[in-house]
Amino acid sequence: MGKASWGVLGLLFSCLAQGAPTLTVATDVWPPFRMLGQDGEFQGLDIDILRQLQARSGIRLEIKRVPWGRALKQMQSGQADLMIGLAHTRERAAFIDYLQPAYYQCRPAFYGKAAAVSALHRYDDLQGQEVGYVLNSAYFAAFDGDERLDKHGVPTEDQLLRMVARGHLPLMIGTDCQVDYALRQHNEAGLIKAAYRPPHPVMLYLGMSKHSPHQPLRQPLALQQMIASGEIEALARAYHP
């Protein structure tokens with residue numbers, strides 16, 4: 001083991017010697033990964049993963065509900081230690097360490113009523129269409145950076161789905177893991193997925209703020225072990241049968 005590794009271990013043992021540390025996880029509702037139960041407590045796949053990481057590492061993880069955009073700002077300042085369900089962007093990587101590898105993947109997709117999605121067969125068909133999206137989200141580079149499109153940002157996926165269902169927006173973009181789950185629960189408006197599918201998946205990561213004082217605890221979180229063992233895949237079956 002090299003000197004650098006021993007230095008990290010020394011910092012880790014120093015942290016643990018002071019008692020089990022508490023790391024703040026800033027996050028918001030995003031079914032089925034993060035949902036609020038009847039008791040107001042978080043539940044879902046991401047919460048199951050965080051509980052397992054806490055049990056394995058002895059590191060306390062305090063989950064706080066924060067609007068997604070504000071959570072990113074807290075990661076930037078070091079006020080929050082962790083976020084889960086993060087897509088990778090170059091801008092975020094300036095202040096977030098992405099714990100490798102990604103623990104899950106979804107695919108971006110476009111949704112709307114049949115009349116709106118029937119003509120959407122390729123990316124260029126989005127021109128001239130108003131497309132709803134969730135602010136501070138990352139879908140795929142071509143869409144995220146396209147200033148030619150008529151894009152309408154809203155704070156949450158739930159608000160976005162309601163706007164499309166009520167006809168206030170003709171189309172929306174989302175990730176299939178989340179939107180497909182939501183439409184299985186409620187879809188009175190008959191929203192469907194467009195035939196056109198962007199080619200690149202959305203990889204989901206657990207990320208630690210580069211300004212967190214708990215940087216030495218990244219490795220003990222042992223996320224990679226859960227991925228390699230198939231444990232996360234098994235946990236996901238409860239939400240994605």
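Q: Where is the place of A94?
A: A94 sits in the loop between α4 and β6, and β6 covers 96–106. Keep in mind that this is a predicted model.

Q: Is A94 buried or exposed?
A: A94 counts as exposed, because its relative accessibility is 58% and the cut-off for exposed is over 50%.

Q: How many residues apart in sequence are A94 and D48, and what about in space?
A: They are 46 residues apart in sequence. In space, the distance between A94 and D48 is 28 Å, C-alpha to C-alpha.

Q: Switching to A165. Where is that one?
A: A165 is in helix α7, a helix that spans 157–165.

Q: And what is the relative accessible area of A165?
A: The value is 27%, so A165 is partly exposed. That class lies between buried, under 20%, and exposed, over 50%.

Q: Which residues does A165 touch?
A: Leaving out residues up to four places away in sequence, A165 touches K113, A189 and L191.

Q: What separates A165 and K210?
A: Along the chain, 45 residues. Their C-alpha atoms are separated by 40 Å.

Q: What classes of residue are in the lining of the largest pocket?
A: The lining has 20 nonpolar, 9 polar and 8 charged residues.

Q: How much space lies in the second largest pocket?
A: About 510 Å³. Of its 24 lining residues, T89, E91, R92, A138 and D144 are the closest to the centre.

Q: Which elements give two or more residues to the lining there, in the second largest pocket?
A: Those are α3 (68–77), α4 (90–93), α6 (141–144) and β12. Helix α3 gives the most, with 4 residues.

Q: And by class, what is in the lining of the second largest pocket?
A: It has 11 nonpolar, 8 polar and 5 charged residues.

Key: Residues numbered from 1 in each chain as written. Predicted model: local features only at pLDDT ≥ 70, side-chain atom pairs only at ≥ 80, totals over all residues. Heavy atoms only, no water. Nonpolar A, V, L, I, M, F, W, Y, C, P; charged D, E, K, R; others polar. 1 Å grid on protein atoms, 1.4 Å probe; cavity = no way out; pocket = protein on both sides within 12 Å on 5 of 7 lines; lining within 4 Å. Points joined across faces, edges and corners; volume = space filled by probe spheres on them. Buried < 20%, exposed > 50% of the residue type's maximum accessible area, 1.4 Å probe, protein only. Contact = heavy atoms within 4.5 Å.
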